[in-house]
Amino acid sequence: MARLTMWLGGAAVLIACGSAAWADEPDATTRLYAEHLALTVCGICHGTAGNSVQPKFPRLAGQNANYLAAQLKAFRAQSRGDPDAIAYMWGMASQLDDATIDALASYYAAQRAEPSATGTSAQASRGREIYLHGVAPQGVPACSSCHGPDAHGLAEFPRLAGQHAQYVLKQLASFQSNMRNVAIMHGVAQNLNLADMDAVAAFLETQP
Ligand code: HEC
Ligand code: HEC
C-alpha cells in the first residue's frame with residue numbers, strides 16, 4: 001500500500017499503511033474500480049445489483065460485507081472447494097487484491113435485496129419450523145440462533161433471506177460432504193436429511 005516518507009526534524013519516518021487501514025472505507029479510486037467490475041464482470045452472473053435471476057448464481061445484494069469479503073478471500077486462497085466455486089470463482093478471485101475485495105463487499109452489502117420467490121407451501125412451513133427450532137431428534141440446531149430470527153445474518157453469519165433455494169440446497173449438501181469445508185456448518189448439516197434441506201431452502205427463498 002501507500003508508503004509515505006516524511007522528514008521530521010531531520011529523521012526519516014516511514015509510515016506504511018497496511019491494507020487493514022482501508023478495510024472499511026475504500027478510497028474513491030478503488031470504489032470506482034469495484035463498481036466497474038460489479039457492473040461489467042460480476043453482474044453477468046450475479047446481476048448488476050447482486051439480485052441474480054438464475055439460481056446457480058447466489059444473490060449478493062444485502063449480504064453482510066464481512067461474509068462477502070471472507071468468501072472472496074476463501075476463493076482466492078482456493079480453500080472453498082465445492083465444484084462450482086472452483087469452476088466459477090477461483091479464477092475470478094485470483095485477480096482481486098484485498099482493497100478491491102473490501103470495496104466489492106461494501107458495494108453488494110449496500111444493495112437492496114429484492115424478493116426472490118413468494119408464497120408459502122407445506123414444504124416452506126416445514127422449513128420455517130426447522131429454521132426457527134431445528135430438528136431436535138436429529139440434533140440439528142435452530143438456524144435462527146446464528147443466522148438471526150429474520151435470516152438477515154450478522155457479521156460473519158451470512159444472510160440467507162431471499163437466497164435461491166437451489167443454491168442453498170447445494171451449499172447444505174456441500175457442507176455435509178465437506179466439499180465446502182467449514183466445521184461449524186458441517187456440524188449443522190451432517191444430520192439434516194435431504195427432505196429437510198429442501199424444506200428449509202424453500203422457506204428461505206420466500207423471506208424478504
Ligand atoms: C461466470 C459467472 C460468475 C461471475 C462472472 C462471477 N461469479 Fe461469483 N459466483 C458464481 C457462482 C456459480 C458462485 C457459486 C459457487 C458455489 O456454488 O460455491 C459464485 C459465488 C460467489 C460468492 C459467494 C456467495 C455466497 O453466498 O457465499 C461471491 C461473494 C461472489 N461469487 C462474488 C463475485 C464477484 C465479486 C464477482 C466479480 C469480481 C463474481 N462473483 C463473478 C459465478 C460467477
Ligand atoms: C452455530 C452457528 C450456525 C448455525 C446454527 C447455522 N449456521 Fe449456517 N452458517 C454459519 C456460518 C458461520 C456460515 C459461513 C460459513 C463460511 O464461512 O463459509 C454459515 C453458512 C451457511 C450457508 C451458506 C450461505 C451462502 O451464501 O453460501 C447456508 C446455506 C447455511 N449456513 C444454512 C444454514 C441452515 C439452513 C441452518 C439451520 C439448519 C444453519 N445454517 C445453521 C453458522 C451457522
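In this predicted model, the shell around ligand 2 (residues with a heavy atom within 4 Å of it) draws at least two residues from each of α2 (65-76), α6 (144-147), α7 (165-177) and α8 (183-189). Helices are DSSP runs of H or I with at least four residues, numbered from the N terminus. The largest contribution, five residues, comes from α7. Of the 23 residues around the ligand, Cys143, Cys146, His147, Tyr167 and Met185 come nearest. By class, 18 are nonpolar, four polar and one charged, where Ala, Val, Leu, Ile, Met, Phe, Trp, Tyr, Cys and Pro count as nonpolar, Asp, Glu, Lys and Arg as charged, and the others, Gly among them, as polar.

A polar side-chain atom of His147 lies 2.8 Å from a nitrogen atom of ligand 2. Oxygen atoms of the ligand are approached by side-chain N or O atoms of Tyr167, at 2.6 Å, and by a polar side-chain atom of Arg180, at 2.8 Å.

The structure holds five salt bridges (a side-chain nitrogen of Lys or Arg within 4 Å of a carboxyl oxygen of Asp or Glu). Lys56, Asp84 and Lys170 are linked in a network of such pairs. Asp84 meets Lys170 at 2.5 Å, N to O; this pair joins helix α3 to helix α7, 86 residues apart. Asp84 also meets Lys56 at 3.3 Å, with Lys56 in the loop between α1 (28-46) and α2.

Residues are numbered from 1 along each chain as written, and chains are lettered from A and ligands numbered from 1 in written order. Local features need pLDDT of at least 70 and side-chain atom pairs 80 or more, while totals for chains, interfaces and linings use all residues; side-chain values use heavy atoms, without hydrogens and water.

Notes: A polar contact is a pair of N or O atoms within 3.5 Å; within protein, one must be able to donate a hydrogen and the other to accept it, and residues adjacent in sequence count only if both atoms are side-chain atoms.
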